[in-house]
Amino acid sequence: MPDSLSHLHLENVITITDEKVLELITRSVNKTFKKSPMKIEEGFKGPYIQACARRILKKCSNDYENLHRTVRSEMQKVYDRQLKRLATSDDSTDKLLLTADDLLGPLPDASQFKMEEWVELQSMIGLEKVKQSIQALMDGLLIDYYRELNGQKPLTVKLSRLFLGPPGTGKTTVAKLYGAILAKLNLLSNGELVCINANDLIGSYIGESLATTKAIIENCQGKVLLIDEAYMLHAKRNNDCPFRQEVTDTIVGQIQNTPGEDICVIMCGYKKEMEDYIRDANPGLQRRFPLDEAFIFEDFDDKALGEILDLKVKKQDLKMTDDGRRAAMAVLKLAKQRLNFGNGGAVDNVLGEAVINYRKRFSKSPVDQRASYLKEGLLLDVDFDPDCKRALEAESEIDRLFEDMIGLESQVDVFRGLSRRVKNMTGRNVDPKLYVPFSFVFKGPPGCGKTTVARKIGQLYWSMGILATNEVVEVSVQDLIAAYVGQTITKTRTLLESALGKVLFIDEAYRLAGETTSDNSQSFAAEARDELVDAMTKPQFDGKLVIILAGYTAPMEVTLSQNPGLASRFPTHLQFQNLSPEACVLLLKQRIEALGVTTTLDGKEPDLQDKFKSLSANEDWGNGRDIESIAKEVVGQRFETLKDEDKEEVTLDFVRGILEKWPFG
């Protein structure tokens, strides 16, 4: 058909269909209520029935063959809404009137909503940004309602959305309520929620992903389709996987996200991963799922977590003591340090563990006390955290924790003061996290205890209730650096994420100074440094891990002086010195005995001290590292010369003889 004739034919179809819709609606009303003529609010030529006709026209897509079927199904919904309205009305209500709400659904005015789903949504704990986003969507629907009545085209309000955020923040619950609200507003024909995982759409051969995705979308007409972990559809996550790309392309082809479309697709996932997917996977995704219109779900703050905890405890017909609630909140705050905090799910886990401990206490309690246990139903602090008193006992643990450290009295005093500070604050219900350092610089020669002290900090900060675990991640600058431009930032960020809730010890940190390359661009080490500096101030990392930079004194001071940003992030410095001769002798005695051999040394031998004084003057002297090697050599040679009747003991002369030969080889 020539283009001109085709154009005329299309215009003719649209004109006929527009008139025909009103005619068919009128015929449907008169036929359904032929015994008692039904009236229309504002009349059969009024704005409400005309707006209803225009909606039907969009749904049948100007398809004449589909028109009759669409009119029948849509008018049945009108009659159903009328019946539901009349069922709750009084006798004075005109039962022979189709109102605007019957024809179009409720006025989408959030200020007048009484539907239970809207009330439940507004009562959900937290989710302020989500509530604001849904309110903005309702505002758009409201103006469109009046534009339709005025015969104007509705502005584009997209029902399909991105739900971005961490797990346990209520995305599924909000999606269910959202679908029900859209259905009651006559924007979806059903509103039921269908939840799937992205992997449910991915096939194993070309064509399977397309067929599976199309079938699921077809089956979800009128409903809300929630695709969880939708970023897994990004082909780049699996070597440009064609099966994943096929799913994405099919979604773009099947979902237009335009007014009148009888489906709502919600794509869920972590914010960053979803942003990468939407931007990169297919240009059409951004048009259908605009990032600036996404519903943002944030980690619950402490207040919201506390309210959720209270609600869940009440639902289980339990109670908490004040100390119990404080212990529960302390556990949750520490859990927030870790990657992918579970929010509401984390509350479930903490409460579940407390209930298990409560049951243990009950089973071990005297029989005559069990009735009161049941009546009170009290969860104690030890139920939520069996080690809940450790912060109060951390100061007394200092001596035990550092008892094997010789020659580090000044460093130990620093941590003794910190533990006392934390103890006093905790005892007065003051959060100590704002008053303890989360970054350190350890400067000093090799083998002087920097790494060992870092490991002690992990244990101490866990004991004080500052970190979620006592783990220490030990790396060098080389572990932050990648082989290609741009990869160092990702590698550094991944390392920081792996250290959340822990101590991150970066040795030879003076290498972060970086060097300018021949083209004046930054070196990879400088990329790592800048990413480290930037990340430390972001909420994801700030106060959620301890970072220690360690290295030789002179190069560390140069590095910090040349990088003000780095220096400002690490204001707490601990200076380590070469071990004194006296400390060297004491440490040697300790290390020999730690290897299971007794010694006659008393740790005060002048000639041994003189020998260590001489050794420590050498540039390559390794302090504790070399003393460990000497101790092993002493023990090894003692067993080499040991006779059956001899004791496993080394004398001063034996040690003196071996020291005279140091360094060995």
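Which element gives the largest share of the lining of the second largest pocket? The answer is α13, with 11 residues, and the paragraphs below place that helix in its surroundings. The model is predicted, with local features needing pLDDT of at least 70 and side-chain atom pairs counted only at pLDDT 80 or more, while totals for chains, interfaces and linings use all residues. Residues are numbered from 1 along each chain as its sequence is written, and side-chain values use heavy atoms, with hydrogens and water left out.

The assignment, which is automatic or taken from a database, divides the chain into domain 1 (18–104), domain 2 (116–296), domain 3 (302–384), domain 4 (431–575) and domain 5 (581–661). The centres of domain 2 and domain 5, taken over C-alpha atoms, are 71 Å apart.

Next come the empty spaces. Rolling a probe the size of a water molecule over the atoms shows where empty space is left. On a 1 Å grid over the protein atoms alone, a cavity is a set of points where a 1.4 Å probe fits but cannot get out, whereas a pocket is an open set with protein on both sides within 12 Å along at least five of seven lines; lining residues have an atom within 4 Å of a point. Grid points are joined across faces, edges and corners, and a volume is the space filled by probe spheres set on the points.

The largest pocket holds about 1400 Å³ of space. It has 38 lining residues, and Lys271, Lys272, Leu339, Glu497 and Gln540 are the closest to its centre. Two elements, α10 (271–280) and α20 (487–498), each give two or more residues to this lining, and α10 gives the most, with seven. Helices here are DSSP runs of H or I with at least four residues, and strands are runs of E with at least two, numbered from the N terminus. By class, the lining of the largest pocket has 11 nonpolar, seven polar and 20 charged residues, where Ala, Val, Leu, Ile, Met, Phe, Trp, Tyr, Cys and Pro count as nonpolar, Asp, Glu, Lys and Arg as charged, and the others, Gly among them, as polar.

The second largest pocket, the one from the opening question, has a volume of about 920 Å³. Of its 32 lining residues, Arg326, Ala327, Ala330, Cys388 and Thr426 lie nearest the centre. Besides α13 (322–335), both α17 (390–401) and α18 (409–427) give two or more residues to the lining. The lining of this pocket divides into 14 nonpolar, four polar and 14 charged residues. Domain 3 and domain 4 both give residues to the lining, so the second largest pocket lies between them.

Three cavities of 30 Å³ or more are also found. The largest cavity has about 350 Å³ of space, and among its 21 lining residues Arg55, Glu148, Leu187, Pro259 and Gly260 lie nearest its centre. Here α2 (47–59) and α6 (128–149) each give two or more residues, with α6 giving the most, four. Because domain 1 and domain 2 both give residues to its lining, the largest cavity lies between them.

The second largest cavity has a volume of about 80 Å³. Arg55 belongs to its lining too, along with residues including Cys52, Glu74 and Asn186. The most residues in this lining, four, come from α2.
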